[in-house]
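Please look through the model shown here with some care.

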Amino acid sequence: MRTSTRALLAVALLVGFYLLAAAIVVGLVWLNVELVVNSDRFHAAMVKIWLLSAAIAYPVLRVVFLTRRPRSTGRDGLVLTRAEQPELWARVDRIAEATGVRGPAEIRLVSDVNAYVSEETRLLGLVRGPRHLAVGAPLLIGLSEAELDSVLAHEFGHYANNDVRLGAVTVAGRTALLHSIATLHHRADRHRAGRASEIAQDNAYRAARGRKARDEDPGNGGIERFLATLFTQYAKLYFRVTESVSRREEFAADRHAAEIAGRDATAAALRRIPVLGAAQGFYLNRYATMGWSAGLLPVRGQFYGGLAHLLADPERREELTAMGLELPEDEADPYDSHPPIRQRVAAIEALPDTDGLPGLGADRPAIGLLRDAERLLGDLETLDLVPEAAAKRRVEWPELVHQTLLVHAREEAQPILRALTDSGLHGTVESLLDALDAGRGEELAKRLPQSEESANATGRAAREFHRPLLRSALHSLTVLALVAQHAARWELSWSRPAALALPGDLAERLPAALDAAVATAPTPPRCAPCWPRPPPPRPPSPDASPPLENRPMARLIVIVPLVLLVGFKLTTWILERRTAKLKAATEAAEANVARIEEATRPTIVPTEHGLLPRTELALDAGPASPEIDAALDALKAGDRAPAAALLTAAGSDHDRRWGLVGRFAEPAVQDDAWLTAWRAEEPDSADAALLTLDALIGLAWEVRTSKLARDVTREQFQAFHRILHDAEEAAKEAVRLADPADPLPFVAQIPLAMGLSWEHERFDGLWAEIVARDPHNYSAHGRALQYWCAKWKGSHERMHAFADAAIAAAPAGSLLTVLKLEAFYEQFARDRAKRSAWQAPEVRAAADAVLADLAAADPADRRIPEVRGWLAYALVRAERPAEAVEQFRALGPVVPSPWATYFNDPVEAFTGERARAVLDAS
């Protein structure tokens, strides 16, 4: 594009912005004049239109034409004179001469990863003035002389191509647009905040008088927000046009650089500069300012100069080199003034190989062009850093790292120090260890900052939440004690985070010691566990103002402002109030729907249909008998003998023994004191080891809860996985102590496989151990089905294949046919299938298979209620209500799965399902 064309385009876009603003104001004035001229008499609507016009015109005039915009001098940085830096000046003069342009009158050292040439111009660039070159210190530190030559040649190349001749015009338009848009958004934000404050004051007034607060929207900022959006659209056009020209200019300047500094040096510089930008940001955040909050800074000259240490580190250098070779696959951004770096490098590398001008280019670090570089970098710090930096203490890098992390360690230790002193103890690691040995860990943990889940936890779940808190506290005090004894120190590393250096093998022994200290804390006595189980909006009211005369111009004048009015002030006012009314109407409608649902809920008199009343129903909690209840009471009192006797009596009846394990492990989830004592007195007890495993798994799931993964906190997941890893160790012990023919230590591990996301191969190995000992174990198959379902580690296909294979291999009466109904439940729930899905032929066939299996089963089989529950659930949905009623009658007082497992209110859901079946059957 020719210079004259670019000039015309730049001026046209700049003028267009002001013309757009002027057109809005003039158009509103014209409309109001026409309104008055074409009206025979005064109308109330005129006042609204005048006010609306003023509300639109005032921000445009105030922001676009009357606001003074901040001017940028572009004169930041440290001045480098010819007398002080002759080598750098000679280099710059040589490159400017080779480019064929006038050199700079001034060179400044800046802290950015950038270099640029600016020119003092007047009359939008028509009158030229002195030029100023700014060179970033990171470029001098991180580039070679040859690479710096290419950067300077690129900047002067813009002047050789007359690219910057019109820069003042482009910058003026960009500044005017951005400032106007930002100011309008700021005014809109203030308007919205003011409205929100009014609403808050009104609601406070209402609350003081016992009235209900209004849920009112403060709006989006009014007319100012609309104008900001309008000017934003023009700004997009402006940037798309001007920046497309800038991108072409960048390619041309790159070619100039390749001619003067050489193709390879130019390509290397283009690869290197983005890497330097990343390195500089990382260095400033992680190293230069790391001690700011501790009142520390690196020695003078190292705040910026320390980047050289990072770049010289072998590991960092290798990492940064790889970054330069693997350029990002970015697409060209229409609003970016520079093309993607990959495109620029490709264009340079496609040029013929050139060495550049003789006498330029060298592999020496460019920082060598500066005399007394350390002093200059120190002066740049003084110029750049905020005044508060003068009060910081300057220390060498090793001391900076150690002292900074020591301050942070002391801050981290403050909560436990306060907890110790509030408990009447000394703030030392010895006092904390004594407190843990004395069983005061829970008391101290409650005084530490903790999450809501941790604060609400009870029993062993609370102890598991508290364990990492206490471990972290013990670690903090231990580190402080070691540092105070000069036995530990944080060491600087330019390739990785600073590490605490400990004497001898203490670094290897300390984690295990910390774990042991918090794991062995005795559990104080606890209380007995407690187990909780819209209507359409009304049309807008007509405008009450009298209509204007039916004249064409008057009608136009009315329509245009009213359209604007709908989008802004008056419409916003109306919609805000209408929204409140709509919300109130919606809430009332929802309440009516709830009352209707309650009134139409299917109800029956259960005893008239051979069913037990709701008051006699109870959840299926596993095997139950007076002996089991007595054993549970004894366990809570610390007596394990009755429970141990029942487990022994179960012998090789794996299903009964597994049911007993589940009942007896429940109390240990809350308080395992009796189980710990059992393990201590009988370390070779297989029953105690199995109970320990199952209690740990129950504890893990209590900590995690049954919420969806997205609703589980990071702290809960950490505790969940930590407990499951403990359970893995307990599983090894349970397997070691168990009878070789006992499948239960392996069955108990299925939830481990789910919680720790075991791969299929590992799970297949576990399953092989189970079926080798008990090929048709009911509980094992039910748990394994969960592993293979889509919400865990499988899919619908794998889940159904597992169920089909198990059913095909099982004898009649095994009750494993129920697996198919469970599989359909998981599939339909995940797919959100309609109720009619249960009427499919394959589902009906599965229900028939369960009926046949029940007929062949032992009537005394304790698993029958659960099977009947799944069957009744499926029969109701398969529109076989009479058969479902028979199953409900056979269940008696038991509320089994799926209601006991999947429903928030199992008894309510069960009785509703039962009533529906009775009514449908009759």
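The questions that follow concern a predicted model.

Q: Which side chain of opposite charge is nearest to D313, and how far away is it?
A: D313 sits in the loop between α10 (307-312) and α11 (314-325), and D313 is buried yet has no salt bridge. A salt bridge would need a side-chain nitrogen of Lys or Arg within 4 Å of a carboxyl oxygen. The nearest side chain of opposite charge belongs to R316, at 5.2 Å.

Q: Which backbone atom does the side chain of D313 reach, and at what distance?
A: Not counting residues up to four places away in sequence, D313 touches W494 and S495. The side chain of D313 also reaches the backbone of R316, where the atom in question is the nitrogen, at 3.1 Å.

Q: Is N777 buried or exposed?
A: N777 is placed in the loop between α30 (760-773) and α31 (778-788). Leaving aside neighbours within four places in sequence, N777 is in contact with H654, D655, P743, V747 and L816. Buried means under 20% relative accessible area, and because the value for N777 is 1%, N777 is buried.

Q: Which side chain is joined to that of N777 by a polar contact of 3.1 Å?
A: The side chain of N777 reaches the backbone nitrogen of S779 at 3.2 Å. The polar contact of 3.1 Å, by comparison, links the side chain of N777 with the side chain of D774.

Q: Which helix gives the most to the nonpolar patch on the surface?
A: The patch is formed by V36, F42, V47, W50 and L51, which together have about 480 Å² of accessible area. One of these residues, L51, lies in helix α2, and L51 is exposed, with a relative accessible area of 59%. With three residues, the helix that gives the most to the patch is α2.

Q: Is R832 buried or exposed?
A: R832 is found in the loop between α33 (818-831) and α34 (841-856), and its phi is near 50°, a positive value in a residue other than glycine. Exposed means over 50% relative accessible area, so R832, at 76% relative accessibility, counts as exposed.

Definitions and conventions. Residues are numbered from 1 along each chain as its sequence is written. This is a predicted model: local features need pLDDT of at least 70, side-chain atom pairs count only at pLDDT 80 or more; totals for chains, interfaces and linings use all residues. Side-chain values use heavy atoms; hydrogens and water are left out. Helices (H or I, at least four residues) and strands (E, at least two) are DSSP runs, numbered from the N terminus. Buried means under 20% relative accessible area, exposed over 50%, partly exposed in between (1.4 Å probe, protein chains only). Lys and Arg count as positive and Asp and Glu as negative; His and the chain ends are not counted. A polar contact is a pair of N or O atoms within 3.5 Å; within protein, one must be able to donate a hydrogen and the other to accept it, and residues adjacent in sequence count only if both atoms are side-chain atoms. Contact means heavy atoms within 4.5 Å. Patches are made of residues with over 30% relative accessible area and no salt bridge: like charges are joined within 9 Å, nonpolar side chains (Val, Leu, Ile, Met, Phe, Trp, Tyr) within 5 Å. Accessible areas come from the Shrake-Rupley method with a 1.4 Å probe; for residues, only the protein chains shown count as cover.
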